[in-house]
Amino acid sequence: MTVMVPTTIGVVYPGPAQRSYIIGTIFLAGLFGFLDRQIISLLVVPIRADLNLSNTQVSLLYGFAFVFLFATAGLFIGRLIDRYNRRTILAIGVAVWSLATVACGLAPDFNWLFLARVIVGTGEACLAPAGCSILADCFRPTYRSRALFVYMLGAFVGLGASMIVGGIVFEMVEREGWAIAGIGSWRLVFVLIGAPGLLIAVLVRMMPEPTRKGIAPMASLEPERITPYLRRHWRLFLAVYVAQAAMAFWSYGIHAWMPTYFIRRFDLSIATVGTQMGFLLAIGGILGAFVGVQLCDRWALRGTPAAKFRVAAIGSMIAIPPMLLLPLAEAPWQAWACLAVLVTAGPLSSSTGTIMMQDLFPNRMRGQGTILMLFIISLLGTSAGPLTVGLLIDRMGDDPAHIVMAMALASLPALILVLAMWLTSIRRYDAVRLPIFEADSTVQ
């Protein structure tokens with residue numbers, strides 16, 4: 001099947017200067033957003049010791065606390081994003097999650113830290129739907145995957161930076177005995193990482209708001225009512241959302257527990273694990289997402305059926321061998337090698353999620369469609385993945401070898417599920433995508 005690319009006539013896009021500012025600002029917002037949400041995984045050991053927490057409680061802080069309102073409030077936020085000024089909503093979200101990250105460093109007990117993580121998740125519920133919707137309106141449909149790569153780039157650099165910066169700051173605080181108003185150790189890391197986000201919020205508020213594209217031609221699809229649209233294509237969206245949740249399940253389970261595995265299994269310092277894992281997350285994330293985006297664009301232009309979904313399946317297939325080999329690692333370099341493949345395959349696979357939401361939903365549904373995806377992957381992936389690993393560790397015994405075994409047992413079924421969802425959706429995907437592609441490329 002060959003895809004015809006319509007000529008875009010009469011559609012106004014931001015100029016180069018405005019577009020560069022928007023791209024750069026959303027990149028920074030994504031970087032700090034993922035830095036703030038991920039830093040807790042590196043600090044599991046000192047937090048457990050200081051607050052006397054179990055593995056299950058740590059999993060709740062990493063996953064469930066973050067998605068508690070991230071998922072539910074996000075459904076309402078997505079509706080607002082589809083109707084009102086997106087940059088204002090995003091600026092408020094950045095300020096909220098930044099202040100909440102600072103509050104994590106002030107937590108005297110589990111309950112306070114849990115509440116602070118809930119608020120971090122609530123603020124970050126604005127990031128993906130607002131940022132991706134803005135970027136989608138800055139570029140023509142044929143270049144949309146590359147535009148959304150900017151958001152992904154900020155996410156993966158943020159994941160890496162959370163490990164590197166967190167490890168370096170923690171080591172400096174420990175070595176020099178730093179303290180600000182009595183706040184030291186892991187607490188100061190949260191404060192120093194959260195505070196700069198307030199400046200990012202100001203920069204976001206100063207962004208131009210691009211005009212929405214593809215609205216008038218899609219009026220027949222009831223652009224502000226998402227429920228009938230989902231019901232009409234429920235088989236496709238069930239497969240897409242389940243696949244995205246499965247990818248989040250295995251990847252977040254690994255992100256949450258890998259630092260603890262290296263620290264306890266191989267007796268490595270927090271700074272060493274943070275630096276090495278941070279570089280792997282950043283390099284692997286950027287490489288995987290870049291390859292994924294390039295494959296999405298090239299295969300879509302060639303008319304490859306369900307091209308973006310196919311990329312997700314390929315990433316999951318690549319992740320299966322290192323996940324099987326990881327429990328057999330006897331030396332640190334063997335575990336690092338497996339992790340390097342995993343953190344590259346994961347972004348290659350998951351980079352398709354936000355792109356598919358822009359492809360499969362009309363403009364006035366994209367915020368809701370994206371936040372619905374985040375709702376599902378948050379409950380079934382981001383929260384359940386780390387929690388399942390933590391429960392397995394507590395059940396198997398608190399031994400370093402059990403950490404990696406628990407990750408493998410939780411991840412392998414999820415990887416296979418992604419492949420199954422892709423195979424069931426090859427024919428349906430383009431039937432939904434092509435009318436929206438044509439609407440975005442015609443006169444407004």
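This is a predicted model: local features need pLDDT of at least 70, side-chain atom pairs count only at pLDDT 80 or more; totals for chains, interfaces and linings use all residues.
**Entry 1: S41**

I began with a serine. Where does S41 sit? I found S41 in the loop between α1 (16–38) and α2 (44–51). Is S41 buried or exposed? Its relative accessibility is 1%, so I wrote it down as buried, the limit for that word being under 20%. Next I listed what S41 touches, leaving out residues up to four places away in sequence. The list reads Y62, M163, H255, A256, P259 and T260.

**Entry 2: the nonpolar cores**

I then turned to the greasy interior. In soluble globular proteins, nonpolar side chains tend to be buried together. Here the largest nonpolar core has 142 residues. Which residues have the most contacts inside it? They are Y261, F309, F361 and M407. Helix α11 (residues 234–265) gives this core its largest share, 20 residues.

Setting aside residues up to four places away in sequence, F309 touches A239, V240, A243, M356, M421, W422, S425 and Y429.

**Entry 3: aromatic rings**

How many aromatic pairs are there? The count comes to 12. A pair of aromatic rings is described by the distance of the centres and the angle of the planes, and I noted both for two of the pairs.

The rings of F64 and F114 have centres 6.3 Å apart. F64 has a relative accessible area of 31%, and I put it down as partly exposed.

Next came F262 and W336. Their ring centres lie 3.8 Å apart with 10 degrees between the planes, and the pair is stacked. F262 is in helix α11 and W336 in helix α14 (residues 332–350), so the pair ties together parts 74 residues apart in sequence. Are these two residues buried or exposed? I found F262 buried, and W336 as well.

One aromatic cluster also went into the notes: Y229, F237, Y241 and F361. I had already met F361 among the residues with the most contacts inside the largest core.

R37 is in helix α1 and E124 in helix α5, and the pair links parts of the chain 87 residues apart. I marked both R37 and E124 as buried.

Another of them joins R187 and D50, whose side chains meet at 3.2 Å, N to O. R187 lies in helix α8 (residues 185–194) and D50 in helix α2, so the pair ties together parts that are 137 residues apart in sequence. R187 counts as buried at 17% relative accessibility, whereas D50, with a relative accessible area of 43%, is partly exposed.

I then followed E209 to R86, where the closest N and O atoms are 2.8 Å apart. E209 lies in the loop between α9 (197–205) and α10 (226–232), while R86 is in helix α4 (residues 86–104), so the pair ties together parts that are 123 residues apart in sequence. E209 counts as partly exposed at 27% relative accessibility, and R86 is buried, with a relative accessible area of 0%.

**Entry 4: cysteines**

How many disulfides does the structure hold? I found 0. C126 is buried, at 6% relative accessibility, and C132 is buried at 0%.

Note on methods:
Residues are numbered from 1 along each chain as its sequence is written. Side-chain values use heavy atoms; hydrogens and water are left out. Helices (H or I, at least four residues) and strands (E, at least two) are DSSP runs, numbered from the N terminus. Buried means under 20% relative accessible area, exposed over 50%, partly exposed in between (1.4 Å probe, protein chains only). Contact means heavy atoms within 4.5 Å. A nonpolar core is a set of buried Ala, Val, Leu, Ile, Met, Phe, Trp, Tyr and Cys residues joined through side-chain atoms within 4.5 Å. Rings of Phe, Tyr and Trp (its six-membered ring) pair if their centres lie within 6.5 Å; planes under 30 degrees apart count as stacked, over 60 as edge-to-face and the rest as tilted. A salt bridge is a side-chain nitrogen of Lys or Arg within 4 Å of a carboxyl oxygen of Asp or Glu. A disulfide is a pair of cysteine sulfur atoms within 2.5 Å.
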